[in-house]
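Hi,

Here is the model I promised to pass on.

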Amino acid sequence: MSNQRPARGAAPRRPSPLPFLIGAVILILAALLGFFLMGPAQFFRSYLLGWLYWTGIGIGGLGLTALHLLTGGQWGMVTRRIFEAASRTLPLMGLLFIPLFFGLASIYSWADPAKVAGDALLQHKEPYLNVPFFIGRTILYFLVWTFIAYRFSQFSVQIEEGAPYEEVRRIKLFAAVSMVLLVITVTFAGIDWLMTLEPHWFSSIFGGIIIMSFVLAAWAFGILTVLRQRATEAFRHVVGAPIFSDLGSLLMAFVMIWSYVQLSQLLIIWSANIPEEATWYLHRMKGGWQWIGWSLLVLHFAVPFVTMMSQTVRSNPRWLRLVALLIMVMYFVHLVWQIVPTWHESITLSPLDLLITIGMGALWIGLFLWQYGQAKLIPPVAIPELRQRIEHAH
Amino acid sequence: MLSSPQHEATQPKTAGQVPVLAPGHNMRSITDKISDIVLKPKGGIGWVIGFAITFALTMQLLFSIGWLLLRGIGVWGNNQPASWAFDIINFVWWIGIGHAGTLISAILLLLRQQWRTSINRMAEAITLFAVANAGLYPLLHTGRPWLDYWLFPYPNTMGLWPQFRSPLVWDVFAISTYLTISLLFWYMGLLPDLATLRDRATGKIKRMAYGIFSLGWRNSARHWKTYEQAYFLLAALSTPLVISVHTIVSFDFAVSVIPGWHTTVFPPYFVAGALYAGFAMVLMVAIPVRKIFNIEDFITMRHIRNMSIIMLVSGLVVAYGYLTEGFAAWYSANPFEIDTVLLLRFVTGPYRVLAWLLIACNVVIPQLLWSSRVRSNTVLIWLISGVISVGMWLERFVIIVMSLTNDFLPSSWAMYAPTVTDIAMYTGTIGFFLFLLLLFIRFVPMISAFEMRELLHKVSHSGDHHSSSNDSQHGGEVVPVPGD
């Protein structure tokens, strides 16, 4: 991380130790609670949830960085540092996956040889679903993401400093290839970490759903970060109603795409009604889980969608913050709804689920803030036109 | 909104990029050039020959439809188990081709992408003509098309309602709405230009005809205000519609339990496939047209390149669809899925050559578009677009025919081959499509003249950042249109 060159004028910050300390204490507490009180299986399961919540934001940030390098647009001028910093949390999140290697059998039934021995389907899947390959794939994903994240952070500063045309073309080509790699790796990461929780079940759009969940979460996080800083010196003159409107419109677009891929899966599985596929939804539509399912429909799709139809809502920072917060919460609920029914027929939330998510969050935020301070928050080259757009709107 | 020209300074510098409008044009030269194609056609012999050929093909289409009505569906190659064949393949193929037009004219409008301006009208026309061809097939496939109104839910003495859970019924709603909105969008966008033609036409009949179709457009500020609102609204309506149409087409297959049809990635992958085929068709039309009519100033290499990039991206999404579909089939451990999607399709099945050809056309060859040298060679792009059009047709053949002819039970396996009527009708629709396109080019300005003038205004004023306000622009545009 130290090779990240601070941009001129930005104060290279030391990481603040406090969030790391809090995070470490909470996680150690959770581990103690897990191993001595609630059983290690619960610890590992909750760990997966908490870890995935924050890792997903990092992955989404990486995807949005790639998207902006390819398409451009003012939305990226105020958010690119946020997404770049989020994507640079991925190396640490990769390291934080290591504890799960020791608990795979209590999370994934395919990792338990006894269960595989009595299950023809799992035997068929063994070339893909086996512990060494799973670990190898996860390591590979994080290597690819880390490499891309650091290259992107360098490239965006190069472009801002006026790289020559040929150089920019090379960077764009790199971004395009990275995008292809990202879509494929995140698809398979989603399949590995989440879809194989119920190893008999399959859905070819599952990767698409996971990609959109991560992108949406990172986008909501980006909006919250921008809004939090909108009164600061760096942001005061460059953000305003037109920029909020851009951010809000894209939030709405991502909500729509998220809902679209969800609907594709639900409608096709519901309509065909084949037992091997319907079970996944059946597990999540009884024992109280159905209320969570309905809440996804209402709060993850309908409420954000309907409120953001209004231009006023999209460009009003207060409303935008509410909607973005709602998305961040529902992103958690959605992960719970995908993960926890694997083991619990009726609705359950372990205190460890919350505790580990919070502890992991403290670590992640600490890391994010440290990374975020490493380059100018708004690219200087973009400032004049951002200001102009704000002034023009008045 | 998401990116506009004056903000491009902050994007990666694209020095040497071709402009969306070649320099040296003024309001008058734009209007002259576009309206002269219609009002003072030159070198009509080529057009006449093209018209004759496509007219003959249109007659062939009508003849094959007549034959079908006379003899019944049996004149097609459809059989049991391949009860869906050429008719549905061509339906999906044509409707997909239509999608690029809506993407260019509506979605790029909402995204404020100015480069859409010179190609939107032609693309919309392609949409309309493609959807018209597409609509023919399912209507004729019902067997008794004179009873097709039964597809609509209306209170009737038989007490019968369509099956609302069937995507085939949703198709009726989606496609008829899509066709209506696309037609309105296209026609409304034409009004100001039809008025220009009315004012410039020399013959009395021409003036009257354009006068009637321009619905009394007088370039008044009020007209423009209403126009802008309505145009934006129609764009906002078309956007979900275009997604819904191909999504529902994909549901036609995916909600069933047929291996090779039933997979959850179908909706986005079909939409991407539609855009893929659609952009291929727009490029196949635009590249020769800009050459023949000498409008390379308006449809510049920038347009060709941008469209190639969208085509490449949608092609990659399609390839992603193939990848996840194949993986899910293997991962499902369901022997029927594995057999149909992987083994029969690529290794042992009777149509495996077509499946490999499809991979070559849709996945391998289009990767050439990664090279910017290829993206600046119109001949190569035209050829690649042709390859993609073939590939997308093959995709539908592979999905539809291969899954149906290799059902769960070997006893219901059979081969399928199209008949002469099938082929006559398919080539007939291609002829009809080109026939309509020729009429369109001859009688209607194929590039939106007033939007080009607006673009000129924006390009020449981009220094003073006024491009976002619309009200001041049209006043200036009214003037250069001579009233004769």
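Before the rest, the ground rules. This is a predicted model, where local features need pLDDT of at least 70 and side-chain atom pairs count only at pLDDT 80 or more, while totals for chains, interfaces and linings use all residues. Residues are numbered from 1 along each chain as its sequence is written, chains are lettered from A and ligands numbered from 1 in the order in which they are written, and side-chain values use heavy atoms, with hydrogens and water left out.

Back to chain B. B:Leu215 sits in the loop between helix 6 (204-213) and helix 7 (221-254) (helices are DSSP runs of H or I, at least four residues, numbered from the N terminus). Its phi is positive, about 55°, although B:Leu215 is not a glycine. The loop between helix 6 and helix 7 also holds B:Asn219, another non-glycine with a positive phi, near 65°. B:Asn219, though, is buried, at 18% relative accessible area. Elsewhere in chain B, the peptide bond from B:Gln80 to B:Pro81 is cis, with omega near 10°; B:Pro81 belongs to the loop between helix 2 (44-71) and helix 3 (86-110). Why flag these? Most residues other than glycine have a negative phi, and most peptide bonds are trans.

Now chain A. Helix 13 of chain A (residues 241-272) has 32 residues and reaches 46 Å from first C-alpha to last, close to the 46 Å expected (1.5 Å times one less than the number of residues). Of those 32 residues, 24 are buried, so helix 13 of chain A is largely enclosed by the rest of the structure. Just after helix 13, A:Asn273 has a positive phi of about 55°.

The axes of helix 3 (residues 74-87) and helix 11 (residues 206-228) of chain A come within 10 Å and cross at roughly 105° (axes are lines fitted to C-alpha atoms over the stretch in contact, and angles run from 0 to 180 degrees between N-to-C directions). The two helices are therefore roughly perpendicular (65 to 115 degrees). Residues making the contact include A:Trp75 and A:Phe83 of helix 3 and A:Trp219 and A:Phe221 of helix 11 (contact means heavy atoms within 4.5 Å).

Cheers

Key. Buried < 20%, exposed > 50% of the residue type's maximum accessible area, 1.4 Å probe, protein only. Parallel < 35°, antiparallel > 145°, perpendicular 65-115°, else oblique.
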